[in-house]
Amino acid sequence: MISIVTICPWQYAKWLNECCDSVIKQTKSETLEHIIVTIGFDFGRPKHSMQKEVRLNHDPGLSTCRNIGVAASKGDCISMLDADDWLAPDFIEKVTPHLGRTRLLCSSLKRFGNDSGFSAPPDEIFVKNQMMEGNPLYY
């Protein structure tokens, strides 16, 4: 199972529906769960069977929120998704074949609005060694 963890402070609530729709509409969704950690508000949206909401009344910080989301998940693999972002419909389908070959996967990013375009080729998947090459913190 793949768990997608989304952290959503109340300031980002206006984008959360689009974010959640992008998870629900995955072409390979039978092995997905979506953990939504809301901070300071109740999402109040009818939930899809793959979704679970964890509500926090106060903001303990991003790292703690992510840890809470990970603790609530059941997945063997975890993907973090910001509430103001969304996944391409075939994201999980394209990433799944690479699981097990590496411990860290990073995909391309498409920017929207005035700063539109891809930051990497859309079909390219980077593995840990490629991403960390030349990084002084990697040894």
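Val70, Ile78 and Met80 together make a nonpolar surface patch of about 210 Å². Patches like this are built from residues with over 30% relative accessible area and no salt bridge, with nonpolar side chains (Val, Leu, Ile, Met, Phe, Trp, Tyr) joined within 5 Å and like charges within 9 Å. A salt bridge here is a side-chain nitrogen of Lys or Arg within 4 Å of a carboxyl oxygen of Asp or Glu. The areas come from the Shrake-Rupley method with a 1.4 Å probe, and for residues only the protein chains shown count as cover.

Before going on, note that this is a predicted model, where local features need pLDDT of at least 70 and side-chain atom pairs count only at pLDDT 80 or more, while totals for chains, interfaces and linings use all residues. Residues are numbered from 1 along each chain as its sequence is written, and side-chain values use heavy atoms, leaving out hydrogens and water.

Helices (H or I, at least four residues) and strands (E, at least two) are DSSP runs, numbered from the N terminus. Ile78 has a relative accessible area of 38%, so it's partly exposed; buried means under 20%, exposed over 50%, and partly exposed in between (1.4 Å probe, protein chains only).

Now hop over to Trp10, in the loop between β1 (2–9) and α1 (13–24). Trp10 counts as exposed because its relative accessibility is 56%. Setting aside neighbours within four places in sequence, Trp10 is in contact (heavy atoms within 4.5 Å) with Ile39, Gly40 and Phe41. Phe41 is 31 residues away from Trp10 along the chain, yet their C-alpha atoms are separated by 5.9 Å.

Phe41 also turns up beside Glu53, a residue of strand β3 (residues 51–56). Not counting residues up to four places away in sequence, Glu53 touches Ile36, Thr38, Phe41, Asp42, Phe43, Gly44 and Lys47. Glu53 is at 17% relative accessibility, so it counts as buried. Its side chain makes a polar contact of 2.9 Å with that of Thr38 and one of 3.3 Å with that of Arg55. A polar contact is a pair of N or O atoms within 3.5 Å; within protein, one must be able to donate a hydrogen and the other to accept it, and residues adjacent in sequence count only if both atoms are side-chain atoms.

With a disulfide defined as a pair of cysteine sulfur atoms within 2.5 Å, the count comes to zero.
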